[in-house]
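Please keep the sequence and the model in view while reading.

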Amino acid sequence: IDVASGGTLTLTNSDWPFFGNIAGNVVISSGITLTQDQTLSSSTGHYVLTGGDLNVGSYTLTNKGRLRCNGYLITGAGTFMLDSAGTLVINSPVGISASGSTGDIQTVTRIFSRYGNYTYAGLANQVTGNRIPDTVNNFSLAMANRNLTTTLSKNVAVAGTLSMSPGK
């Protein structure tokens, strides 16, 4: 399935198609449980949770694209992996947590590539969390307004681009 720029594909059940390049948005609008390993392909579009958590079950969800959680969770007994080509847009006030019961990603196994891209875009004050890698490729603070803050939980080196707007 190819999703064109400006287009939207909405997923409402566990029938997960193979995605080619997406330039628009793939909207996951209700809770979905994976029935096999899945990869969010590298693309210029976004995979967006808008109406429920995504349960990986005992499988692996590999993010090579741009994943926006929007306050919903990636959960399950399986694995979430942010690939070096992937971008994770974090909305949780606790950021990327080492604990399985907090943060946007709550799978049993969480792998965050130091070559991945990390964007903090919360609607409340955030911390980066203690599970963010010590070095990341690109790091963006894209808070909802300039009164919101993102606090570093530890030092993070940015190998590529550091972007901040409009938070502090």
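## A threonine in strand E11

The side chain of Thr107 has a polar atom 2.7 Å from the backbone oxygen of Thr109. This is a polar contact, meaning a pair of N or O atoms within 3.5 Å; within protein, one must be able to donate a hydrogen and the other to accept it, and residues adjacent in sequence count only if both atoms are side-chain atoms. Thr107 belongs to strand E11; strands (E, at least two residues) and helices (H or I, at least four) are DSSP runs, numbered from the N terminus.

With a relative accessible area of 0%, Thr107 is buried. The term buried stands for under 20% relative accessible area, exposed for over 50%, and partly exposed for what lies in between (1.4 Å probe, protein chains only). Not counting residues up to four places away in sequence, Thr107 touches Val56, Ile74, Thr75, Gly76, Gly78, Thr79 and Phe80, where contact means heavy atoms within 4.5 Å.

## Basis of the model and overall make-up

The model is predicted: local features need pLDDT of at least 70, and side-chain atom pairs count only at pLDDT 80 or more, whereas totals for chains, interfaces and linings use all residues. Residues are numbered from 1 along each chain as its sequence is written, and side-chain values use heavy atoms, with hydrogens and water left out.

The protein contains 18 strands and 0 helices. It has 168 residues, of which 45% count as buried. Among contacts with a separation of 6 or more, 30% involve residues 24 or more positions apart. The protein exposes about 7600 Å², and carbon and sulfur atoms supply 49% of that area; accessible areas come from the Shrake-Rupley method with a 1.4 Å probe, and for residues only the protein chains shown count as cover.

## Parallel strands around E7

Strand E4 (residues 38-40) and strand E7 (residues 60-63) run parallel and are joined by 3 bridges. Two strands pair if DSSP finds at least two bridges between them. Leu40 has Asn63 in E7 as its bridge partner. E7 also runs parallel to strand E9 (residues 74-82), with 4 bridges between them.

Leu61 lies in strand E7 and stands opposite Phe80 in E9. Leu61 is buried, with a relative accessible area of 0%. Leaving aside neighbours within four places in sequence, the contacts of Leu61 include Leu34, Leu40, Leu54, Ile74 and Phe80. The C-alpha atoms of Leu61 and Arg110 are separated by 10.0 Å, although these residues are 49 apart along the chain.

## The largest nonpolar core

A nonpolar core is a set of buried Ala, Val, Leu, Ile, Met, Phe, Trp, Tyr and Cys residues joined through side-chain atoms within 4.5 Å. The largest one has 28 residues, and Ile74, Phe80, Leu88 and Tyr118 touch the most other members. Several strands supply at least two residues each, among them E2 (25-28), E5 (46-49), E10 (87-90) and E12 (117-120). The largest share, 3 residues, comes from E9.

Beyond neighbours within four places in sequence, Tyr118 is in contact with residues including Leu82, Leu88, Ile90, Phe112 and Phe139.

## Two aromatic pairs

Rings of Phe, Tyr and Trp (its six-membered ring) pair if their centres lie within 6.5 Å; planes under 30 degrees apart count as stacked, over 60 as edge-to-face and the rest as tilted. The count comes to 2 aromatic pairs. The rings of Phe80 and Phe112 have centres 6.1 Å apart and planes at 50 degrees, so this pair is tilted. Because Phe80 lies in strand E9 and Phe112 in strand E11, the pair ties together parts that are 32 residues apart in sequence. Both Phe80 and Phe112 are buried.

Tyr120 and Phe139 form a tilted pair, with 5.6 Å between centres and 45 degrees between planes. Tyr120 lies in strand E12 and Phe139 in strand E15, so the pair ties together parts that are 19 residues apart in sequence. Tyr120 and Phe139 are both buried.

## Two loop residues

Asn70 lies in the loop between strand E8 (66-68) and E9. Most residues other than glycine have a negative phi. Asn70, which is not a glycine, has a positive phi of about 55 degrees. At 34% relative accessibility, Asn70 counts as partly exposed.

Pro93 is found in the loop between E10 and E11 and is partly exposed, with a relative accessible area of 46%. Leaving aside neighbours within four places in sequence, Pro93 is in contact with Asn125, Gln126 and Val127.
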